[in-house]
Amino acid sequence: MNLSLKTRMAILITIVVVMLGFAVSSGNAPAGEVLLKLLTSSFTNPVLATDTLKRFTPLAIAGVAVFWALRAGLFNIGVEGQLSIGALAAVAVGSKVPGPVGVVLAIASGTIAGALWALPAGWVKAYRGGHEVISTIMLNQIALLLVSFLVSGPLKDPNAGYPTSSTLAESSRVPNTGTMMPVTVSLSVIIALVLVVLFSRWLSRTVGGYELSLVGENPTAGKFAGIDSRKVILKAMISSGALAGLAGALQLLSYEFRMYEQFSSGYGFDALGVAILAGANPLMILGSAAAFAILGQGASMVQILGIPSGISNVLFALLIVIVAALRARNSRSADA
């Protein structure tokens, strides 16, 4: 049976909406109340708004990491592990070097650690032809095991009854932009905003950004243009890992202040959705990261109504599938 694209989209959206309806109706509250709370609870008071910004920061930075790799034709599944390794390096340095100098060194250490963690996957892809999805998935598992080992042993707080590092001192944390504001805004939020804008300008206005896009879209054309695609791929994966490490370091130094197992609540994996939802425009990373943060925070709030928090994943999937379907349709229209 050969269905048109419009028919297939209608069937797909209907299936997802029905699934969403089942998820909502599994609680005791009316569906309208649940959806309203899901979409608006993120900013109903300063505490929730602060938590939403806490979710937004790593999603925006890690979203840039994934976007960078995608532009080079790479699918960096390893952002989750690179983010954890960046946080691990940051807490190791931050706990030894206090003060503003320690904060800078911790951020730099986290960024470098993320880059080094991504390096093997980039090298294998560029010079041996190994698929980056396989290698980054394996590195994710190694990263999680390494974090578990270190917070249970060498980095463990001797006064804690469970695997966790010591809490960083006040002087070793990234400061907030102001204490008089009802909503606490960490300096990391500003860094994330500036980073996305700078990345967008670099991608559209520099030779490096042009080479990245050309290799990602057509490696053969890049070769004839005199571009060494292997170097571009390697640098793209290292840069992607560095940004993921930066996201982890800032999350630790701004919000968590200690390292523990399951440090990331899946920010690295959610960043894949953030980058895909942003499409071809890197500035849209801000919007898609905000959408993920708002829905994620809202999902945690609707649990008090008896709704499973996984409803946010259904909404994310709905958004991504619809956007992907619309792009496929536009692409076919352009080729026709």
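Modeller: Sorted by class, the residues lining the largest pocket are five nonpolar, four polar and two charged. Bear in mind that this is a predicted model. The volume of this largest pocket comes to about 200 Å³. It has 11 lining residues, and those closest to its centre are Arg55, Ser265, Asp270, Gly296 and Phe316. Four helices each give at least two residues to that lining: H3 (46–71), H11 (267–278), H12 (284–301) and H13 (311–335).

Now for the second largest pocket, with a volume of about 160 Å³. Here 13 residues form the lining, and Ser84, Leu144, Glu261, Gln262 and Phe263 are the ones closest to the centre. By class, that lining holds six nonpolar, five polar and two charged residues. Helix H4 (79–94) and helix H6 (132–152) each contribute at least two of the lining residues, and H6 has the largest share, with three.

Valine 93 is one of its residues. Setting aside neighbours within four places in sequence, valine 93 makes contact with Gly102, Leu105, Ala106 and Ser109. Alanine 108 is 15 residues away from valine 93 in sequence, and the two C-alpha atoms are 9.6 Å apart in space.

Helix H10 covers residues 229–256, which makes 28 residues. From first C-alpha to last, H10 reaches 39 Å, close to the 40 Å expected at 1.5 Å a residue. Of those 28 residues, 22 are buried, so H10 is largely enclosed by the rest of the structure. As background for looking along any such element, an α-helix has 3.6 residues a turn, so residues three or four places apart point the same way.

Both ends of H10 have a detail you can find on screen. Just after the helix, phenylalanine 257 adopts a positive phi of about 70°.

Technical notes: Residues are numbered from 1 along each chain as its sequence is written. This is a predicted model: local features need pLDDT of at least 70, side-chain atom pairs count only at pLDDT 80 or more; totals for chains, interfaces and linings use all residues. Side-chain values use heavy atoms; hydrogens and water are left out. The expected span of a helix is 1.5 Å times one less than its number of residues. Buried means under 20% relative accessible area, exposed over 50%, partly exposed in between (1.4 Å probe, protein chains only). On a 1 Å grid over the protein atoms alone, a cavity is a set of points where a 1.4 Å probe fits but cannot get out, and a pocket is an open set with protein on both sides within 12 Å along at least five of seven lines; lining residues have an atom within 4 Å of a point. Grid points are joined across faces, edges and corners, and a volume is the space filled by probe spheres set on the points. Ala, Val, Leu, Ile, Met, Phe, Trp, Tyr, Cys and Pro count as nonpolar, Asp, Glu, Lys and Arg as charged, and the others, Gly among them, as polar. Contact means heavy atoms within 4.5 Å.
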